[in-house]
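Please examine the sequence and the structure before reading on.

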Amino acid sequence: MRKTAVPIDKKTPVFSSFRKQKRESDLKIYNDFMELMTHPDSQVTAVENILMDRYDIFSRATIWAIRKRVEKRLQAAKNI
């Protein structure tokens, strides 16, 4: 029988370094979006274009997908 040195907590997910980096960049894009949208008279399309230029993203749909992914993750963390 194989013994592990560190007990594994089933509630804490284990991510690869790539996934950790992706989650951090998604959160950064989400926070930038939310910050830019707090300005008066800001428009979603203009904010998305700024983020696309800033992060070398080629599709507004990607920004939308990132926002929904982070919102879902934050909502899940809130419900725990």
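How many residues does helix α2 have, and how far does α2 reach from its first C-alpha to its last? Helix α2 (residues 44–55) has 12 residues and reaches 16 Å, close to the 16 Å expected at 1.5 Å a residue; the expected span is 1.5 Å times one less than the number of residues. Helices are DSSP runs (H or I, at least four residues) numbered from the N terminus.

This is a predicted model, in which local features need pLDDT of at least 70 and side-chain atom pairs count only at pLDDT 80 or more, while totals for chains, interfaces and linings use all residues. Residues are numbered from 1 along each chain as its sequence is written, and side-chain values use heavy atoms, with hydrogens and water left out.

**Buried face of α2**
- V47, E48, L51 and M52 are buried in α2, meaning under 20% relative accessible area (1.4 Å probe, protein chains only).
- Seen down the axis of α2, the buried residues fall within an arc of 140°, so they line one face of the helix; the arc is that of the directions from the helix axis to the C-beta atoms.
- These buried residues pack against α1 (17–37) and α3 (60–79), with contact meaning heavy atoms within 4.5 Å.

**End of α2**

**Contacts with α1**
- Residues of α1 including I29, F33 and L36 meet residues of α2, among them V47, E48 and L51.

**R67 in α3**
- R67 is found in helix α3 and counts as buried at 13% relative accessibility.
- Not counting residues up to four places away in sequence, R67 touches Y30, F33 and E48.

Terms used:
Helices (H or I, at least four residues) and strands (E, at least two) are DSSP runs, numbered from the N terminus. Buried means under 20% relative accessible area, exposed over 50%, partly exposed in between (1.4 Å probe, protein chains only).
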